[in-house]
Amino acid sequence: GLRDGANSLASPIWGWLCDRKRSVKPYLVISSLLVAISFFLMKAYEMVGIVIDLNIYVLVLALCINGMGVGGQQIAGVIDALHEAIGAGFPDDPSTQGLVAGLWSSLS
């Protein structure tokens, strides 16, 4: 639905951003904050006493933000895992990339 569409549209942007920097950990934090904001908009605001009129527009916005955040977590997460594996001494070749991508896919 909306979340998956936003994920699909945001993933190339996250990939482009992650390709430009060696450390992608800031992008993991930013994408996690986007997911937290989306949950906040989907009624978590009641836990802190804030009143927002939840309507279809807010829900669509929250789902789109959630998709963008999850996309960032997926892209930045697998790139970070690959950087960590190479830093731990694994060779930077297709076998390591396949191992990391396979493990990441099986866990998500």
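Me: How accessible is Val 60?
Reply: Val 60 counts as partly exposed, at 31% relative accessibility. Buried means under 20% relative accessible area, exposed means over 50%, and partly exposed is in between, using a 1.4 Å probe and protein chains only. Keep in mind that this is a predicted model, where local features need pLDDT of at least 70, side-chain atom pairs count only at pLDDT 80 or more, and totals for chains, interfaces and linings use all residues. Residues are numbered from 1 along each chain as its sequence is written, and side-chain values use heavy atoms, with hydrogens and water left out.

Me: Where is Val 60?
Reply: Val 60 is in helix α3. Helices here are DSSP runs of H or I with at least four residues, strands are runs of E with at least two, and both are numbered from the N terminus.

Me: And how far apart are Val 60 and Tyr 27 in space?
Reply: They are 23 Å apart, C-alpha to C-alpha, and 33 residues apart in sequence.

Me: Is Tyr 27 buried or exposed?
Reply: Tyr 27 is buried, with a relative accessible area of 13%.

Me: Which ring does Tyr 27 pair with?
Reply: Tyr 27 forms an aromatic pair with Trp 14, edge-to-face, at 6.3 Å centre to centre and 70° between the planes. Rings of Phe, Tyr and Trp (its six-membered ring) pair if their centres lie within 6.5 Å; planes under 30 degrees apart count as stacked, over 60 as edge-to-face and the rest as tilted. Trp 14 lies in helix α1 and Tyr 27 in helix α2 (residues 25-41), so the pair ties together parts that are 13 residues apart in sequence. Trp 14 is buried as well, with a relative accessible area of 7%.

Me: How many aromatic pairs are there in the whole structure?
Reply: Two aromatic pairs turn up. Phe 40 and Tyr 45 have ring centres 6.2 Å apart and planes at 70°, so this pair is edge-to-face. Phe 40 is partly exposed at 28% relative accessible area, whereas Tyr 45 is buried at 2%.

Me: New topic: which residues make up the largest nonpolar core?
Reply: It has seven residues: Ala 10, Trp 14, Cys 18, Val 24, Tyr 27, Ala 76 and Ile 79. A nonpolar core is a set of buried Ala, Val, Leu, Ile, Met, Phe, Trp, Tyr and Cys residues joined through side-chain atoms within 4.5 Å. Helix α1 gives the most to this core, with three residues.

Me: How do α1 and α3 cross?
Reply: The axes of α1 (residues 2-20) and α3 (residues 56-87) come within 7 Å and cross at roughly 40°. That makes α1 oblique to α3. The axes are lines fitted to C-alpha atoms, for helices over the stretch in contact, and angles run from 0 to 180 degrees between N-to-C directions. Angles under 35 degrees count as roughly parallel, over 145 as roughly antiparallel, 65 to 115 as roughly perpendicular and the rest as oblique.

Me: What about α2 and α3?
Reply: Their axes come within 7 Å and cross at roughly 155°. That makes α2 roughly antiparallel to α3.

Me: Last one: where is Lys 43?
Reply: Lys 43 is in the loop between α2 and α3. Lys 43 has a positive phi of about 90° although it is not a glycine.
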